[in-house]
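Trainee: Could you walk me through this one?
Mentor: Gladly; here it is.
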Amino acid sequence: MSPKRLLVVDDEAGFREYVVEVAVGLGYDVESAANGAAFKLLFGARQPDVAVVDVVMPGIDGIEPVNWLAERATDLQLITVTGFTPHYVELAKKLGVAKGLQSDTTLHKPMRLSALRDALTYDD
């Protein structure tokens, strides 16, 4: 069985690296992006099973990538994160679910390692 493919988009390099490290340790094949444009390019090339999406980034809000993903990948597991108010991630989650994405996980930065691991092992 091939490893699950994860795509991470977050403008904070430290957070991206943290998610990548944890996910690789869980057996994921991981790619990451620092902005929405790079995320879209990588998504097309990789077709990930799981996406970790920061909902507040310069030049793009979390609603835009959720809408974009919903148009392309209804079987994608979406994990939304933010370092701001939890209302942002809840809104993005609700939008994703309404549009057919599998989204049962929202995380708030900073997060415990166990919370990230739990989110990434959603169906184990």
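Mentor: Let me start with a helix pair: the crossing of α2 and α3 is right-handed, meaning that the near helix is turned clockwise from the far one by less than a right angle. Keep in mind that this is a predicted model, in which local features need pLDDT of at least 70 and side-chain atom pairs count only at pLDDT 80 or more, while totals for chains, interfaces and linings use all residues. Residues are numbered from 1 along each chain as its sequence is written, and side-chain values use heavy atoms, with hydrogens and water left out.
Trainee: Which residues of α2 and α3 make the contact?
Mentor: On α2 they are F39, K40 and F43, and on α3 they are E64, W68, L69 and R72, where contact means heavy atoms within 4.5 Å.
Trainee: And at roughly what angle do the axes of α2 and α3 cross?
Mentor: Helix α2 (residues 36-46) and helix α3 (residues 63-72) have axes that cross at roughly 15 degrees and come within 11 Å. That makes α2 roughly parallel to α3, a label for angles under 35 degrees.
Trainee: New topic: is T82 buried or exposed?
Mentor: T82, which is found in strand β6 (residues 77-82), is buried, with a relative accessible area of 0%; buried means under 20% and exposed over 50%, with partly exposed in between (1.4 Å probe, protein chains only).
Trainee: What does T82 touch?
Mentor: Leaving aside residues up to four places away in sequence, T82 touches D54, V55, V56, Y88, V89, L107, H108 and K109.
Trainee: And G25, buried or exposed?
Mentor: G25, in helix α1 (residues 13-25), counts as exposed at 65% relative accessibility.

Conventions. Axes fitted to C-alpha atoms, helices over the stretch in contact; angles between N-to-C directions. Helix = DSSP H or I, 4+ residues; strand = E, 2+ residues; numbered from the N terminus. Parallel < 35°, antiparallel > 145°, perpendicular 65-115°, else oblique.
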